Amino acid sequence: MSANPEERERTEARVGPEPTAEPEYAPYHHPAAGWGAANSVTRFMMREGALVDGPRAIMRMNHENTGFDCPGCAWPDDTKGLHLDICENGIKHVTWEMTRKRVDRAFFAAHSVTELAGWSDYELENQGRLTEPMVYDPDTDLYTPISWKDAFELVGRTLRALDSPHRAAYYTSGRLGNEATFLYQLMARELGTNNLPDCSNMCHEASGRALTASLGTGKGTVDLKDWETTDALFILGVNAASNAPRMLTALAEAYHRGAQVVHINPLVEAAATRTIIPHDFKDMATFHATRTSTLNLQPRIGGDMALVRGMAKAILEQSSADPKALDREFIERHTAGFEEYRALCEATSWEDLEHQSGIGRADILEAARVYREADRSIVSWCLGVTQHEHGVDTVREIVNLLLLRGNLGREGAGPSPVRGHSNVQGNRTCGIDHRPGTEFLDRLAEVCGIEPPREHGLDTVRTIEAMLRGEVKVFVGMGGNFALAAPDTPVTYEALRACELTVQVSTKLNRSHVVHGRQALILPCLGRTEKDHQRTGPQSTSVEDSMSMVHLSAGMKRPASPHLLSEPAIVAGMARAALPDSETPWEWYIEDYDRIRDTMARALDGFEDFNRRVRLPLGFRIKQPARELVFLTPSGRAEFSTAELPDVVPAPGTLALGTMRSHDQWNTTIYSDNDRYRGIKNLRTLVFMNEDDMRERGIAKFDPVDITSTARDGSTRRLPGYLAIPYDIPRGCAAGYMPEMNVLCALGDYSTQSDQPIMKHVRVTIDPAA
């Protein structure tokens, strides 16, 4: 750990670009998307020199099986043949990937790692695309070129020399395609470990565990057609305009057809007000905005469970006078534990529900009325629900509410988690799971002829802990920017630097390349937009969206460098070097990805006849037993949960802080220091606060403040000199940007229910800067 564990300050380089003007803040009152998005995209493409490639990409992105899948969010492709199924953030993400800038051997020869470590994260990524494999030379403190053969041999030699396969961990970001994902987990398991941490460990692990416990499946049960037919949408902890912008189309269409749209979030985000859909040319021409909500509720941070419990309590109370308030036939035929849940709701007082949710009884009853009067309801949620100590209990409470009125197994109804990153759900489906099930391992053994390990592996938090202890010596990262995405930033840095070897498979330079092990490799890969040619011809890969649709993605652009390899090829190269006697046909797989898919079809439940079905229009949907009212739970029924309400009210003098993205950001990639939808310009080192909380502390707008978090173990972490911004957020709550604020979330502050870092509920004090 660091020399001063009682107080750790972020001392590394800033994340965003250097501000070019004074910070500005003015509340945003315009519609989401619309001309604001169009203007932003145009300026961005001009800045990146992509006025030709950008429009070409727009016409190929998210087109069924003929184009490439957006490397941004995991929102499903339009089902009605829309030709511009795109959004502002998706276009920026693709343009950022297609940049003409290059990071070649001359660049690395001119800049030491020590120098690069002082650059901002924006500056690192803004240098452009990586062009060839590089290895760290500790004598010169420079990255130097290395051949692919020698790079693979370094990985293989290091892995073979480990005294246990559990000394290595294989991290996965959501961008990895299904074929590479399957090969990656196969490599790890043939080597003998289930150490397969992934970004889900930090994002939606709570959703998977909760849905599995309640319904026997770890995914949502609805698809986009359900969104198009539902009577009521309840959106919890989601900033759709930035994190899943194409959802705006579904919200606007729902409002147009008379559906109720209820947003539940501590901040009233732009997506919860109005929108102009850019591909609706009439509305764009007339500046006609459509409402995207019929009700907005602002619970305190962590108060969602109490709010949902209150809605359930109201429904149960109404059922004594109105039997139709409950779907009694559904409850009797398909659920277990209803009477215990009813008793729990009856025993929970309205006073407790109001106190814990931060919402008055009248507003809770209004939300319950909307739910009661809707024949079919969908409840959707994102990280605002999951990144809490009680995230699993909250998702199970959502399922409880759905079960009361039989909102499962029929069109227009069900649970719908919003996965944030393209193919993060596919990664888990295709085997990236540190806690694999026996059935999956048995089939893998039978189909692939290996003996996979049976003991559970390490997740993200425990991988960092193991690296710190010297127990994990090799870290391989397939995509992403682990150094910035993980919690407790200085401790994560320390863990990576303690490794014998770190391997980063990437498209662009980022912080994880300059925070590395004693040996380090940068292995550059093809981007989602680029053509992938193998021995048998052009290849496509598949991805799974957040609603279980699997479809193909094929790049359109010449690779940024002739020295780039595809992600499947990189995995196969490492595997062959680490497993020289393996009978797995690694090279044969890479010649034709259909061969990988044929093996996946035999090894993965739901992927039968993979190669044919994935080429159908829009691909195919993986079967969801719970959608068919088949529940793979111990009781064989959907199970009500009876968790006690957590106490989420901050102690006197403290605040609950949640981390989030700015609008001009995708995960750890920062496009600018602006956040249009929250009215911010030229500033990232800020904290949004309730005006009464600011007044109580003697803090005015733009005053510098010191933010101090206190971990469970009593240690503290500090961000000095952030600027306070008055914002419409409940008292006792605050918010700011990740990854800068990840430093405040202690490595040990993870949910005991899901093992996720509690990044949406950090206990802090905020005081005028010293």
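Analyst: G216 takes a positive phi of about 85°, and this residue sits just after helix α9. Bear in mind that this is a predicted model, where local features need pLDDT of at least 70, side-chain atom pairs count only at pLDDT 80 or more, and totals for chains, interfaces and linings use all residues. Residues are numbered from 1 along each chain as its sequence is written, and side-chain values use heavy atoms, leaving out hydrogens and water.

Now for the helix itself. Helix α9 covers residues 205-215 and is mostly covered up, with 9 of its 11 residues buried. Here, helices are DSSP runs of H or I with at least four residues, strands are runs of E with at least two, and both are numbered from the N terminus. Buried means under 20% relative accessible area, exposed means over 50%, and partly exposed is in between, using a 1.4 Å probe and protein chains only.

Which residues of α9 are buried? They are E205, A206, S207, G208, R209, A210, L211, S214 and L215.

A quick word on cysteines: the structure holds 0 disulfides, a disulfide being a pair of cysteine sulfur atoms within 2.5 Å. The sulfur of C745 is 12 Å from the closest cysteine sulfur, in C203, so that pair is too far apart for a bond. C745 is buried, at a relative accessible area of 2%, and C345 is buried too, at 1%.
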